[in-house]
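Subject: Structure handover

Hello,

Here is the structure for your files. My notes on it follow below.

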Protein chains: 2
Amino acid sequence: MQKKTDFEKAIKTRYPEQVVIAIAKDKSGRANPVTLGWSMLASSDPPLMAIAVYKGHYSIGAIRRSKCFTISYPSSKMSDAALFFGSHSGRDCDKFSEFKKCKTSPAKVIDSVLLDDGVANFECRLLWEKKAGDHIIFVGQVVASYVNIKKTKRLFTIGAGHKMGFFKKS
Amino acid sequence: MQKKTDFEKAIKTRYPEQVVIAIAKDKSGRANPVTLGWSMLASSDPPLMAIAVYKGHYSIGAIRRSKCFTISYPSSKMSDAALFFGSHSGRDCDKFSEFKKCKTSPAKVIDSVLLDDGVANFECRLLWEKKAGDHIIFVGQVVASYVNIKKTKRLFTIGAGHKMGFFKKS
């Protein structure tokens, strides 16, 4: 049975929500990671991924400038990194320099970096962008894919207030 | 440590993936549900939701015609419905008539229906669409929101081959 309610209340039922970290280089060539809850696959052939990024985020300019971005799936052990990258701005700091625990390696096809400890990394070439309310949707074509050689679990936001967790099989 | 691999292999690490059921009325006024793994929030203010629908799906015409759609979060008990709606086409059958266990109620603002046993339902007015490879991304503005009066859990695809499950707190 459904009860009509405010969007703000109903949308809390979306949790657990998968987390991704999107990375793009800014005009000074610095790789800038941002934590996003809003991403999806958008096509199988060719493989496309979509992300929704808040219009005020520093990452918007970095993605537009570099015309590419990495989508990284953080592992369940990377909640500190996800929280740090989601609560700081590349306008004010070099996130990877300040959060040294999060190691990166150069991407191979695009001009970006990969997260060494992520569950997987996808190098994406920007295909198009379109405004959606207070966010911009970027769609990128995956041009290189990576998986962690170790067994890892994806990180989820399990509730409001950036509570993090991972999935146990039911 | 990351190992370069095929997209098809790397993308399997995306599971568990949240499932939504999108519903739109076709030209005969029949509500047609389709199960989707690819959806995301796209804006907070105004509240927007995005779905990626395969270009060959019957739902494409129904969404374009009715200019609206429901996004329903199926509960962990609705895996049969999700599998049925995802493996049948509205071209060949009336899915809600054939799968009678899945009860619906009329939407209140748009011309669609809600899933009575879903975790939540969102009535969306189509704002725009854009082609993304072999899918179409539809973005809709949420104009009414509902939650289940009972405590429910969201349904997830937990692995390839449409394996379904739900999230246990870690």
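To begin with one strand pair: Gln18(A) has Phe156(A) as its bridge partner in β12(A). Strands here are DSSP runs of E with at least two residues, helices are runs of H or I with at least four, and both are numbered from the N terminus. β2(A) and β12(A), the latter spanning residues 156-159, run antiparallel and are joined by two bridges. Two strands count as paired if DSSP finds at least two bridges between them.

This is a predicted model, in which local features need pLDDT of at least 70 and side-chain atom pairs count only at pLDDT 80 or more, while totals for chains, interfaces and linings use all residues. Residues are numbered from 1 along each chain as its sequence is written, and chains are lettered from A and ligands numbered from 1 in the order in which they are written.

**Sheet and helix in chain A**

The β2-β12 pair belongs to an open sheet of three strands in chain A, with the order β2-β12-β13 and antiparallel pairing. β2 (17-18) and β13 (163-165) stand at its edges with a single partner strand each, so one side of each has no neighbour in the sheet.

In helix α3 of chain A (residues 79-87), the buried residues are Ser79(A), Ala81(A), Ala82(A) and Phe85(A). A residue is buried if 20 or more other C-beta atoms lie within 10 Å of its own, exposed if 12 or fewer, and partly exposed in between, with C-beta atoms placed from the backbone. These residues lie on the same side of α3(A), because they cover an arc of only 160° around the axis; the arc is taken over the directions from the helix axis to the C-beta atoms. The buried residues of α3(A) pack against β3 (20-25), β4 (31-36), α4 (95-98) and β13 of chain A.

β5(B) and β6(B) form a hairpin with four residues between them. Their pairing is antiparallel over four bridges, and Leu41(B) stands opposite Met49(B) in β6(B). β6(B) also runs antiparallel to β11(B), with seven bridges; there Val53(B) faces Ile136(B). Six of the seven residues of β6(B) are buried.

**The two chains together**

How are the two copies related? Chain B superposes on chain A by a rotation of 180° with 0.0 Å of shift along its axis, at an RMSD of 0.0 Å. That is the relation of a two-fold axis.

The contact involves 54 residues of chain B and 54 residues of chain A, where two residues are in contact if their C-beta atoms, placed from the backbone, lie within 7 Å. On chain B, β11(B) gives the most to the side that touches chain A, with nine residues. That side of chain B divides into 29 nonpolar, 14 polar and 11 charged residues. Here Ala, Val, Leu, Ile, Met, Phe, Trp, Tyr, Cys and Pro count as nonpolar, Asp, Glu, Lys and Arg as charged, and the others, Gly among them, as polar.

Strand pairing also crosses between the chains: β1 of chain A (residues 2-5) pairs with β11(B) in the antiparallel sense over four bridges. Within that pair, Thr5(A) stands opposite Ser145(B).

The largest nonpolar core has 108 residues, and Ala42(A), Ala50(A), Ala42(B), Ala50(B) and Ile51(B) touch the most other members. Such a core is a set of buried Ala, Val, Leu, Ile, Met, Phe, Trp, Tyr and Cys residues joined through C-beta atoms within 7 Å. Beyond its neighbours within four places in sequence, Ala42(B) has contacts that include Trp38(A), Ala132(A) and Ile137(A) in chain A, and Leu48(B) and Val139(B) in chain B.

- Tyr15(A) and Pro16(A) are joined by a cis peptide bond, with omega about 0°; Pro16(A) lies in the loop between α1 (7-10) and β2 of chain A.
- Asp45(A) and Pro46(A) are also joined by a cis peptide bond, with omega about 5°; Pro46(A) is in the loop between β5 (39-43) and β6 (48-54) of chain A.
- Lys67(B), not a glycine, has a positive phi near 55°. Lys67(B) lies in the loop between α2 (58-66) and β7 (68-73) of chain B.
- His162(B) has a positive phi near 60° and sits in the loop between β12 (156-159) and β13 (163-165) of chain B.

Regards

Note on methods:
Copies are superposed by least squares on the C-alpha atoms of residues with pLDDT of at least 70 in both.
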